[in-house]
Amino acid sequence: MANTSVVYARIDTTLKENAENILHQLGISPSSAIQMLYSQIVLTRGMPLNLHLPSETPTAIGGMNREKINAELTKGTESLKSGKTYTPDEIDEELHRKSGI
């Protein structure tokens, strides 16, 4: 078994509840989050973590009905007809801007 130590911290109850709700949505336990934070502090010699839920979640095609899929395909077709195309970098930039991914 790994050699471990206990970390005690006093924080605002509401802050704790809000943070643990987000961690739960990310699938991360509070103990794992602290372990990750400490590991990153050591690796980067600073506070580099940037874990967050996207502000706007992209919809997967499996979550769309036929009407929504057709509407999205029509938008894509119209974009191509008008000559507007996007590079992979532009798509990545837009996803990051809109959804934080």
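Student: In which helix is the place of Gln35?

Tutor: Gln35 is placed in helix H2; helices here are DSSP runs of H or I with at least four residues, strands are runs of E with at least two, and both are numbered from the N terminus. Residues are numbered from 1 along each chain as its sequence is written, and side-chain values use heavy atoms, with hydrogens and water left out. The model is predicted: local features need pLDDT of at least 70 and side-chain atom pairs count only at pLDDT 80 or more, whereas totals for chains, interfaces and linings use all residues.

Helix H2 has 15 residues and reaches 21 Å from its first C-alpha to its last, close to the expected 21 Å (1.5 Å times one less than the number of residues). Gln35 is exposed, with a relative accessible area of 54%; buried means under 20%, exposed over 50% and partly exposed in between, with a 1.4 Å probe and protein chains only. From Gln35 to Leu95 the separation is 60 residues in sequence and 29 Å in space, C-alpha to C-alpha.

Tyr38 is also found in H2, which covers residues 30-44, and counts as partly exposed at 45% relative accessibility. Together with Val7 and Ile34, Tyr38 makes a nonpolar surface patch of about 270 Å². Such a patch joins nonpolar side chains (Val, Leu, Ile, Met, Phe, Trp, Tyr) within 5 Å, or like charges within 9 Å, among residues with over 30% relative accessible area and no salt bridge; the areas come from the Shrake-Rupley method with a 1.4 Å probe, and for residues only the protein chains shown count as cover.

Just after H2, Arg45 takes a positive phi of about 55 degrees, in a residue other than glycine. Arg45 lies in the loop between H2 and helix H3 (66-81) and is exposed, at 79% relative accessibility.

The model holds 5 salt bridges, each a side-chain nitrogen of Lys or Arg within 4 Å of a carboxyl oxygen of Asp or Glu. In one of them, Glu72 meets Lys68 at 3.1 Å, N to O; both lie in H3, 4 residues apart, about one turn of the helix. Glu72 is partly exposed at 29% relative accessibility, and Lys68 is partly exposed at 39%. In another, Lys81 meets Glu78 at 4.0 Å, N to O, again within H3 but 3 residues apart. Lys81 is exposed at 65%, while Glu78 is partly exposed at 45%. An α-helix has 3.6 residues a turn, so residues three or four places apart point the same way.

Helix H4 (residues 88-99) holds Arg97 and Glu94, 3 residues apart. Salt bridges that share partners join Lys68, Glu72 and Lys75 into one network. The side chains of Arg97 and Glu94 themselves meet in a salt bridge at 2.6 Å, N to O; Arg97 is exposed at 59% relative accessibility, and Glu94 partly exposed at 33%.
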